[in-house]
Each structure stands twice: as C-alpha cells, then as structure tokens.
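I opened the model to look up a few things about its fold. My notes follow in the order I checked them.

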Amino acid sequence: MIIAVGVLLVFALIVLAKTVRIIPQARAGVVERLGRYHRTMSPGLNIVIPFIDNVRPLIDLREQVVSFPPSGVITEDNVTVNIDTVLYFTITDAKAASYEVANPLQAIEQLTTTTLRNVIGGLTLEDTLTSRDQINSQLRTVLDEATGRWGIRINRVELKAVDPPATIQEAMEKQMRAERDRRAAILNAEGLKQSQILTAEGEKQSAVLRAQGAKESQILRAEGEAKAIDTVFRAIHEGDPDPKLLAYQYLQMLPQIATGDANKLWIIPSEFTQALGNIGEGLGLTGADKAGGRAAGGTSGEIPPAS
C-alpha cells in the first residue's frame, strides 16, 4: 500500500506539472492537441490537458538580431563585391512562425542573399558604396513582404560591410589621392591669386596715398612760398627802403653768387656802378676814389671763386 500510494503521489505530481504551465513575458507557447494546432498560450499561468496537449518549444517574441556571412554579388559594371548584412526582425505570429516555414533563419538568409543580388545588380560600384540607405530600404521592403506570411516582421536591414576587390580598392585610393592633390593645387593657386591681388591692391593704394601726400605737400609748400614772397614784398614796400640799403644788400649777395667751382664768369649789371657810387657817397669817399671805383667797374668781369 505504501508503495502504491507513493507511486500515485509521484504520478499526481507529474500530471500537475504537465497541467500547469507558466509562460514568461515576451514568450509564446503553441499547444497541439492530438497532433493538431489547438491554441497559443500567452504569458502567465496556463492549463493544459496532460498526455493529450503537447506544448512546443517557446517562441521568443522580442526583437532579434542575426548577422549573415559575406555573400558575393556582382554590380552593374561587373565588379564583384562581398557584402555583410545584419537583420533585425520580430516574430509577430507564433502559429505562422511554427507551421508556415521549417527554418525561419535559413529562409530569411537565403531570401536576403537573392534580394541583395537583385538590388546590387542594378547599381554601379560607386552607387553601391554611396547609396546604403536606399539599398537598406529596398531590402527591408522586399523582405517584409515575403516574411509577412511567416509571422515575421522585418524591422531593419543594414549593410555592415561592402568590400570590393583589392585591385579596385587600390585604384580607388589612387583616384582619391589624385583628387585630393588636384584640390590642394587648386586651393594653392587660389590662395596665390588672392595674395597677388591683395598685394597689387595694397601697392596701388600706397602709390595713390603717396601721390596725394606729395601733391598736398607741394601745394602747401607753394602756398607757403607765395605767402612768404607776399609778406616780403609788403614789408619792402611798407618800409620804403632808400637806395643805400638796397645797394648794401646787393653787395652782401655777391659772395653767394660767386660761390662754387662752376662760377668762373659772371656778369656785373650796369646798376652796380651806381650802387658803388651811392655807397661811396654814403661813406664820404673823394672824387679820386670815385674815379678809381668807376675805372674798376665795367660791363663784365672775371673773379676767382670765393674761398
């Protein structure tokens, strides 16, 4: 009896364990009754009939990420590139994911490869490298339409890497290096051009300012000389000097006229005799002295240079 009671107790515990099923959050369980689909268990406490209902492995309803190995595709300009893809998807229908497709990940991988070849086949290598967003959008649209009946929603498709052949990469690097050198040469030429233009503008403005300064300086100098001449002229006429003073001033200028090695010959004006006579009268010279002075005078003469 004890053994029978123990066996019944163990059997009851097994039946209870198979009857009560707790489903975690973001999981789903597909229940098959006598081999056919019966229902989908939601998160929480669920009751099933033991030995009649069969619960398949739980399905994860969270967003999942899968990375596919590189696949070789040919572009429109006949260049083979290796492309790595990353896929983000979510299972929205546990029943369809369990019965509509045998291996969802393998099916998505093959579908991604064929779709990628169709999309890249219509693009050149340059467009493939620069149009990732467009390629991702096209892949997502095609994959989402195909996997909808499998109960799978494609959230995003990303191209993780696009690797052209080594020879193509080397040619692209040379092209980019030549393009950078060309841009650098253009920038240097533009800088030199601007520098020369600014230098020429500066020299032009400097020459204009120097010319304006010289012009204003000459104008001011001429005005000053004119004012000085006018002042002297007014002072002479207002002072009314006598002939003796003028003759004395004339004699003071003679050494300056004779100064210099080039002044070998100079002309004595006829008024010089009269000036000497006036000076002699002022100094009280005799008639003989005046005669000697007149004899010394003349219309021209040569004197040695002043020491």
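Which strands does α3 lie across, and at about what angle does α3 run to β7? I found α3 lying across β7, β8 and β9, with a direction about 40° from that of β7. Angles here run from 0 to 180 degrees between N-to-C directions, and axes are lines fitted to C-alpha atoms, for helices over the stretch in contact.

**Ground rules.** I noted that this is a predicted model, in which local features need pLDDT of at least 70 and side-chain atom pairs count only at pLDDT 80 or more, while totals for chains, interfaces and linings use all residues. Residues are numbered from 1 along each chain as its sequence is written, and side-chain values use heavy atoms, with hydrogens and water left out.

**Whole chain.** I read nine helices and 11 strands in the chain. Both are DSSP runs numbered from the N terminus: helices are H or I with at least four residues, strands are E with at least two. The chain has 307 residues, and 23% of them count as buried. Buried means under 20% relative accessible area, exposed over 50%, and partly exposed in between (1.4 Å probe, protein chains only). I also looked at contacts, meaning heavy atoms within 4.5 Å. Of the contacts with a separation of 6 or more, 65% are between residues 24 or more positions apart.

**The sheet.** Three strands form an open sheet in the order β7-β8-β9, with antiparallel pairing. Two strands pair if DSSP finds at least two bridges between them. β7 (64-74) and β9 (152-163) are the edge strands, each pairing on one side only. From one strand to the next, the twist averages 25°. I followed β8 (residues 80-91) along β9 and found 10 bridges in the antiparallel sense. Ile83 has Val162 of β9 as its bridge partner. α5 packs on the sheet too, touching β8 and β9, and its direction makes about 145° with that of β9.

**Helix on helix.** How do α3 and α5 cross? The axes of α3 (residues 104-120) and α5 (residues 132-147) come within 10 Å and cross at roughly 135°. That makes α3 oblique to α5, because angles under 35 degrees count as roughly parallel, over 145 as roughly antiparallel, 65 to 115 as roughly perpendicular and the rest as oblique. I listed the contact residues: α3 gives Ile108, Leu111, Thr112, Thr115, Leu116, Val119 and Ile120, and α5 gives Ile135, Gln138, Leu139, Val142, Leu143, Ala146 and Thr147.

**Near the start of the numbering.** I looked up Lys18, which is in helix α1 (residues 2-19). Is Lys18 buried, partly exposed or exposed? Lys18 counts as partly exposed because its relative accessibility is 43%. Beyond neighbours within four places in sequence, Lys18 is in contact with Val48, Pro50 and Phe51.

β2 (residues 27-33) and β3 (residues 36-41) run antiparallel, joined by five bridges. They form a hairpin with two residues between them, and Leu34 in the turn has a positive phi of about 55°. Gly29 has Met41 of β3 as its bridge partner. I also checked Pro57, in the loop between β5 (53-55) and β6 (59-60). Pro57 counts as exposed because its relative accessibility is 66%. Pro57 and Gly29 are 28 residues apart along the chain, with 6.7 Å between their C-alpha atoms.
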